[in-house]
Amino acid sequence: MSRFNHLLSSTIGKKLIMSLTGIFLSLFLVVHLIGNLQLFKDDGGLAFNQYAYFMTSFGPIKIISYGLYATIVLHAVYALIVTIRNRKARPVAYASYNGAANSPWNSRNMGILGTIILIFIVTHMSNFWYKYHWGGTPYVEYVTNLQSGDTQVNEISEAEFAGYVNYIDSDNQIMRAKDLYKQVNFAFQNVILVIFYVLAMVALGFHLAHGFRSAFQTLGFDHNRYAPIIRWIGFWIFGILIPLGFAAMPLYSFFVVNG
């Protein structure tokens, strides 16, 4: 046990924890993006609100969510500890140092990128997660005619909402839920928030492009056979595609839904 504790307290151990938590968070982003793509459906938010309810009510998902929150904190704390320890190990700066010649920009600024992402997470959670659970989210009723497939969207009051329901009444399927879809579009009426989200996704792209590859290197996956594949996935999937998908959501809301 003492050897294990020594490993976790060492710089290598901390980097190992950062790598494992980073990979877990990267996989979460894939799942989260797939779910959030429901925002692009032209159904008045029906699919997205169903997804939001499932993510906040299904037991196993809720347990994973608590693990996710702990992972974010753990990843940020250990990143801070490693950064501080590295700076203490080199208290005097090099007389001449050309960082660009030795490592890419995002590799040298992971702390700054991580700080921007952490601020984004706090903003995101307060705008949507917190309000969905404890305040301000409106309520909606969807009445879908099973014969024609047409859906009528009705805003309902808090007094009319007795909890999430989804049932069939005659030829209609009726669903009542918290309207997180409307809350999202309301938030993204603010152009400052939209710009911040897009810039945060740029920071996320730079962070992931280096972090994904670095995590696998720390875990020992640095063989010439699969290192190029990891590098490709890190750059194109996590550095480009995923941040682009998340950035498209506030832009779509601002220019299409609210425009």
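In this predicted model, helix α3 (residues 46–57) packs against helix α8 with the axes 8 Å apart. The angle between α3 and α8 is about 110°. That makes α3 roughly perpendicular to α8. From α3, the contact draws on Phe48, Asn49 and Ala52. From α8, Leu180, Tyr181 and Val184 take part. By class, the contact of α3 with α8 has five nonpolar residues, one polar and no charged.

Helix α8 (residues 180–187) also meets helix α7. Their axes come within 10 Å and cross at roughly 145°. The crossing of α7 and α8 is right-handed. On the α7 side, Asn127, Phe128, Lys131 and Tyr132 make the contact. On the α8 side, the residues are Leu180, Gln183, Val184 and Ala187. The contact of α7 with α8 has five nonpolar, two polar and one charged residues. Leu180 and Val184 of α8 take part in the contact with α3 and in the contact with α7.

Helix α7 (residues 110–134) has another partner, helix α9 (residues 191–218). These two helices pack at an angle of about 135°, with axes 9 Å apart. That makes α7 oblique to α9. The crossing of α7 and α9 is left-handed. Among the α7 residues in this contact are Met110, Leu113, Ile117, Phe120 and His124. Among those from α9 are Leu193, Phe196, Tyr197, Met201 and His210. The residues of this contact divide into 15 nonpolar, seven polar and no charged. Asn127 and Phe128 of α7 meet α9, and these two residues also belong to the contact with α8.

| Helix pair | Angle | Axis distance |
|---|---|---|
| α3 and α8 | about 110° | 8 Å |
| α7 and α8 | roughly 145° | within 10 Å |
| α7 and α9 | about 135° | 9 Å |

Next come the strands. Strands of a sheet pair through backbone hydrogen bonds, either parallel or antiparallel. Here four strands form an open sheet in the order β2-β1-β4-β3. The pairing is antiparallel. Strands β2 (151–156) and β3 (165–169) stand at the edges. Each edge strand has a single partner, so one side of each is left without a neighbour in the sheet. From one strand to the next, the twist averages 15°.

The pairing can be followed across the sheet from β2. Strands β1 and β2 pair in the antiparallel sense over six bridges. In this pair, Tyr142 stands opposite Val153 in β2. The two strands form a hairpin with five residues between them. Gly149 in that turn has a positive phi of about 85°.

Strand β1 (residues 139–145) also pairs with strand β4 (residues 172–178). Seven bridges join β1 and β4, again in the antiparallel sense. Glu141 stands opposite Arg176 in β4.

Strands β3 and β4 run antiparallel and are joined by five bridges. Tyr167 has Ile174 in β4 as its bridge partner. These strands form a hairpin too, with two residues between them. In its turn, Ser170 has a positive phi of about 60°.

Side chains of opposite charge can pair when their charged atoms come close. The structure holds two salt bridges. One of them joins Glu141 to Arg176, with the closest N and O atoms 2.9 Å apart. This pair links distant parts of the chain. Glu141 lies in strand β1 and Arg176 in strand β4, 35 residues apart.

Key:
Residues are numbered from 1 along each chain as its sequence is written. This is a predicted model: local features need pLDDT of at least 70, side-chain atom pairs count only at pLDDT 80 or more; totals for chains, interfaces and linings use all residues. Side-chain values use heavy atoms; hydrogens and water are left out. Axes are lines fitted to C-alpha atoms, for helices over the stretch in contact, and angles run from 0 to 180 degrees between N-to-C directions. Angles under 35 degrees count as roughly parallel, over 145 as roughly antiparallel, 65 to 115 as roughly perpendicular and the rest as oblique. A crossing is left-handed if the near helix is turned anticlockwise from the far one by less than a right angle, and right-handed if clockwise. Contact means heavy atoms within 4.5 Å. Ala, Val, Leu, Ile, Met, Phe, Trp, Tyr, Cys and Pro count as nonpolar, Asp, Glu, Lys and Arg as charged, and the others, Gly among them, as polar. Two strands pair if DSSP finds at least two bridges between them. A salt bridge is a side-chain nitrogen of Lys or Arg within 4 Å of a carboxyl oxygen of Asp or Glu.
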